[in-house]
Amino acid sequence: MKNLTRTLLWSLYLCAMSLNPLQAAETGNGIINVATIGEPPTLDPMATTTDLVAMISQHIFETLYAFNAKWDVVPLLAEKMPTISEDGKIYDIPLRANIPFHTGQIMTPADVVASLSRWLNIASRGKQVAPFIASVTAHGEHGVRITLNRPYSPLLSLLAFNNSAAVIMPAALLSEPLTQYSGTGPYRLQAHVPDQYIQLVRFANYTPRSEPPDGFGGARRPLLREIRFVPVVDENTRLNGILSGQFDYADSLPPEKYPSLKNNAKAVPVFQQPFGLAVMVMNTRQGIMANQWIRQAVQAALNPQDMLLAAFGDPAFFSVEGALYPANYVWHSGQGVARYNQASPETAAALLKKGGYRGETVRILTSRQYEFHYKMALVAAEYLKAAGMKVKLDIYDWATLTTRRADPGLWDIFITHGPFPPEPILNSWMSDDYPGWWATPEKKRAVDAYISEPDVQRRQALFAAIQQLFYEQAPVYKVGNFNTLAAKARTLEHFTPSPWPFFWNVDTQQP
């Protein structure tokens, strides 16, 4: 019954994503304030896998492709789907004509080639595919050609994803780090005052696609004149702001406050079930967690039920499940999950001894900007101590945490979360370059087999083998699945819930 309920809820969500209820004018004077969990570490969508950056930057920048409501890849800046050679090695991508950047110049194949080259060099997801790319070149006056040295099945999904994203920018502005933020999106960056606000204003020359809105695909219409993303670190402050009418949308709210939203005069809850999974990423490159026996000890020691209960309180907000995808996904598998939910300090102690543990301190990075991360860290620390480990919590704001985790000398475990991506290769830990740096010969063989296989059913079995390895080598500890609570103002019209909330095709009744 539980799986059936989830399937029905997910189906309703996907149906909602495909609706086109817009009856408003193409442009208006609405201004909305969006309360986020804090200051983003950057506005460069290539440079990070942080969901907060993806949420904001997707309004400024666009990719060649996007995901529709059914999580199928559809064209965005590309004119149509690519022509793919019979051997799967050549992708010819036609580009939309006369698409302006915020600078006023028109997008050319040279801009696309330069942007994709930068993505392959600096983005963790770009680096996943880079070894398989022979060349990226202009193809005619209005196209680009991607030539592979061997087939890579998830390529279009990587080009469509808005996280560590292959966004297109003017070639002349590309730099490292990025200092000017000009894209083709429906909104342009007007001002950024750190720790106060990020102001986006309508791009007057934006040309939407002709298709109806469909998830992240189709027409993106900038109905609002202005969007202000306001960093609000404390979740209760975000809640009070949405209840009082200060904010039009508030992200990541405390689950125990759900009753206060249900009948509020100014706001309505935004509840997504299932949203995604919470994980503890271990540093396989350096320090105590580079030892697989120690990682397996962490895996054996933890009690996910207690961690999730502390984090969310209400069982309606979580489920204790080891599979990396829920049962209603084609990627669902039970392989390897026998190692999940052991909650055995005795087993953990034996593994610590096997791994030669000598009382080193395990440093756990966490942040109170996602309060559920912090609560899970508190419980995890107690279970690790019960198994005989020394533990220290290092608590930072989210932007600092995402910076520190890039240095393998500064941490042993960090806590994060994310939605269930439509393509498994989009899971951050699938990239060897993602902090944690899970890169073993066994993983390479398993992933290479998976990405080279075009048949979906065979790919399902190959991903199940990756899940088996995920549990054997324990680079990441899956805590469990969870649902999210956010809230929107009753005056916010046509908003569609999404793992990465977007505010094109959205209007407001506010004057």
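Helices (H or I, at least four residues) and strands (E, at least two) are DSSP runs, numbered from the N terminus. The model described here is predicted: local features need pLDDT of at least 70, side-chain atom pairs count only at pLDDT 80 or more, and totals for chains, interfaces and linings use all residues. Residues are numbered from 1 along each chain as its sequence is written, and side-chain values use heavy atoms, with hydrogens and water left out.

**Annotated span**

An unreviewed UniProt entry carries the annotation "domain: Solute-binding protein family" for residues 73-425. UniProt positions are given in the numbering used here, feature names are shortened, and annotations may be inferred rather than shown by experiment. The span 73-425 is 26% helix and 23% strand, and its end C-alpha atoms lie 14 Å apart.

**Pockets and cavities**

Both kinds of space are found on a 1 Å grid over the protein atoms alone. A cavity is a set of points where a 1.4 Å probe fits but cannot get out, whereas a pocket is an open set with protein on both sides within 12 Å along at least five of seven lines; lining residues have an atom within 4 Å of a point. Grid points are joined across faces, edges and corners, and a volume is the space filled by probe spheres set on the points. In the residue classes, Ala, Val, Leu, Ile, Met, Phe, Trp, Tyr, Cys and Pro count as nonpolar, Asp, Glu, Lys and Arg as charged, and the others, Gly among them, as polar.

| Space | Volume | Lining by class |
|---|---|---|
| Largest pocket | about 680 Å³ | 18 nonpolar, five polar, four charged residues |
| Second largest pocket | about 490 Å³ | 12 nonpolar, seven polar, six charged residues |
| Largest cavity | about 400 Å³ | 19 nonpolar, six polar, six charged residues |
| Second largest cavity | about 340 Å³ | 12 nonpolar, nine polar, three charged residues |

The largest pocket has a volume of about 680 Å³. Its lining holds 27 residues, and Ser157, Trp331, Pro422, Glu423 and Arg459 are the closest to its centre. Two or more lining residues of the largest pocket come from each of α1 (2-18), α5 (155-160) and α14 (456-473). Domain 1 (39-186) and domain 3 (274-483) each give at least three residues to the lining of the largest pocket; these domain bounds come from an automatic or database domain assignment.

The second largest pocket has a volume of about 490 Å³. Among the 25 residues that line the second largest pocket, Ala47, Thr48, Thr49, Thr402 and Ala406 are the closest to its centre. At least two residues of this lining are supplied by each of α3 (109-122), α4 (124-129) and α12 (398-404). The lining of the second largest pocket also draws at least three residues from each of domain 1 (39-186) and domain 3 (274-483).

Eight cavities of 30 Å³ or more are found in a search of the whole structure. The largest cavity is lined by 31 residues, with Asp251, Ser252, Tyr370, His417 and Thr484 nearest its centre. At least two of its lining residues come from each of α2 (51-57), β12 (267-282), α9 (304-312), α11, β16 (413-419) and β17 (476-489). Strand β17 gives the most to the lining of the largest cavity, five residues.

The second largest cavity holds about 340 Å³ of space. Of its 24 lining residues, Asp51, His417, Gly418, Pro419 and Ser428 are the closest to the centre. Elements β12, α12 and β16 each supply at least two residues of this lining, and β16 gives the most, with four residues. Domain 1 (39-186) and domain 3 (274-483) each give at least three residues to the lining of the second largest cavity.

**Helix α11**

Helix α11 (residues 371-386) has 16 residues and reaches 23 Å from its first C-alpha to its last. This is close to the 22 Å expected at 1.5 Å a residue, where the expected span is 1.5 Å times one less than the number of residues. Buried means under 20% relative accessible area, exposed over 50%, and partly exposed in between (1.4 Å probe, protein chains only). The buried residues of α11 are Glu371, Phe372, His373, Tyr374, Met376, Ala377, Val379, Ala380, Ala381 and Leu384. Just after α11, glycine 388 takes a positive phi of about 105°.

**Two single residues**

Tyrosine 471 sits in helix α14 and counts as buried because its relative accessibility is 2%. Its C-alpha atom is separated by 15 Å from that of threonine 347, 124 residues apart along the chain. Glutamine 196 is in the loop between β8 (187-193) and β9 (197-202). Glutamine 196 has 48% relative accessibility and therefore counts as partly exposed. The C-alpha atoms of glutamine 196 and valine 279 are separated by 30 Å, and the two residues are 83 residues apart along the chain.
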